[in-house]
Amino acid sequence: QDTECQSQLSTWNGYVDWKNRPALTNRHGGLRAASFVLVVEVLENLAYLANASNLVLYFSEYMHFSPSKSANSVTNFMGTAFLLALLGGFLSDAFCTTYYIYLISALIEFLGLVVLTIQARSGSLKPPKCDLQAAPNVPCEQVHGAQAAMLFIGLYLVALGVGGIKGSLPPHGAEQFDETTPQGRKQRSTFFNYFVFCLAFGALIAVTFVVWVEDNKGWQWGFGISTFAIFLSIPIFLAGSPFYRNKIPCGGPLTTISKVLIAALLNCGASRNSTSAIASMTSSPSPPIPTGKECSENSNRKEVGSIETPSTSLSFLNRAVSDTPACSALQCSVQQVEEVKIVMKILPIFSCTIMLNCCLAQLSTFSVQQAASMNTKVGSLKVPPASLPIFPVLFIIILAPVYDHFIIPFARRVTKTEMGISHLQRIGIGLFLSIVAMAIAALVEIKRKRVATNSELLDSTKPLPITFFWIAFQYLFLGSADLFTLAGLLEFCFSEAPVSMRSLATSLSWASLAIGYYLSSVIVSIVNRVTGISTNKPWLSGSNLNHYHLERFYWLMCILSTLNFMHYLFWATKYKYRSARSSK
């Protein structure tokens, strides 16, 4: 009985349950708790992508935006949603647990979808319908005034909710595992693989069933399905409450980062003995930041190593540790400096993934236009080009279990290591596959234009006598690249970041996606401007895709991806993991 009592009282250090009581080791956390997160991710991504993937049509046909304004509005919405993941991650680290940030964010997204559903259902809340055939001289009335305000309030409530969810849900699932054991770390790796799998599964339902409903039954039904999906995710998430362990916030990570950077700059010119300063800091009877139960000494020691002497890497930050700081509010501990160094070392790896997301942006733009100019029939069935995103989604759904159950076990046997394939190796594989994908895209475009020339259809808009399945090759490689890099980056940022900054660091994966999409638009604009000056005809302009120099653009993306990969190798080879993770 004594042993049983001790077992029941054994708690997770720095974690609480949903009632804010100490989390118990034999009751909270583990695969059972994380499984609720995976089911919720299916519903959450379904609710988000069901609208985002088809929203440009809603803007143009029902809100009467121009094609360019529709595309820009959708890009701004998606980019804002992913960038707001940083806010969700920050709040999870600084103020609330990931548990409460998810619930608040899901309610905000639900509210936004309710607003959009009401507007889509009511004709008086939308611009009047216009019939260009019956009245060709009457311009369509674009949404404005209170109707436009309702549209964008609903839309950006959804973006705010999505950002909070993306910033809190992955770290909430990942923190259910005990990283002090090899089994816990392996299970966490499996979680990230299946998180991407569930993300893709939700996207599959969104781009097939829900998009079909929106196109054939009405947008009020599409928004309604999304509203129901996010609403259903809340009780499912709450059902896992008795099993979750929730990391207690350790204070604002941005405050720590800012304080260390400013202190290092201000103390730069001060003449001091750094050794005595460090000695003074470590011998101080009270810690410079309140840690207590939230950030236990054992946890911090495990996260940043020794807190008595600073490391020699990024030594300019060591100036932040001073017994005579320029300002008393900027007094920093060695532990805080080491945490900021870890974040600084993660940032170059994060920046190298942005180029991959530039390549992924092509899947929803030029690749769809390529397929639209080709033969999209499969037997008697005609596949709409807008359904092409189903290819990378299907590849991810197939590859994720294969990777986790076959590739990783084989790699572990060969390398004799716990992880089999390290996080940085996994990200590197994804970046390399993106190079291959862009090269294949260029070769397929050369073949497509050759068929157009030989068939004398260069100036025609008729479908070319070449199957759209040729486009599937670039989707295969980019889908695989996304699986390797997204799952690898999520796990890398979570496992390497200080415990007080994990949610924010994990959110960098979504920020990379947003920046990549924005950068893709910038690259296209620069290419058109430069080529327009040099050849008087931009590579990527005009109404006929056959007159584009799309193959040259894809070769350019291939070259940029190669340079980015070399840049990544430079940082990846210099990076040293904070702890050895070899299997015993």
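The largest cavity of this predicted model is lined by Ser189, Tyr403, Ile408, Met419, Ile421, His423, Arg426, Ala487, Gly488 and Glu491. Its volume is about 50 Å³. Three helices, namely helix 16 (390-415), helix 17 (423-454) and helix 18 (472-496), each contribute at least two residues to this lining. Helix 18 makes the greatest contribution to the lining of the largest cavity, supplying three residues. In terms of residue class, the lining of the largest cavity comprises five nonpolar, three polar and two charged residues. Arg426 and Glu491, both part of this lining, belong to the charged class because Asp, Glu, Lys and Arg are counted as charged.

In total, three cavities of 30 Å³ or more are present in the structure. The residues that line the second largest cavity are Tyr48, Asn51, Leu55, Phe77, Leu113, Leu116, Leu155, Val158 and Phe223. At least two residues of this lining come from each of helix 2 (31-52), helix 6 (98-121) and helix 7 (145-174). The lining of the second largest cavity consists of eight nonpolar residues and one polar residue, with no charged residue. The lining of the largest cavity, by comparison, includes two charged residues.

Note on methods:
Residues are numbered from 1 along each chain as its sequence is written. This is a predicted model: local features need pLDDT of at least 70, side-chain atom pairs count only at pLDDT 80 or more; totals for chains, interfaces and linings use all residues. Side-chain values use heavy atoms; hydrogens and water are left out. On a 1 Å grid over the protein atoms alone, a cavity is a set of points where a 1.4 Å probe fits but cannot get out, and a pocket is an open set with protein on both sides within 12 Å along at least five of seven lines; lining residues have an atom within 4 Å of a point. Grid points are joined across faces, edges and corners, and a volume is the space filled by probe spheres set on the points. Helices (H or I, at least four residues) and strands (E, at least two) are DSSP runs, numbered from the N terminus.
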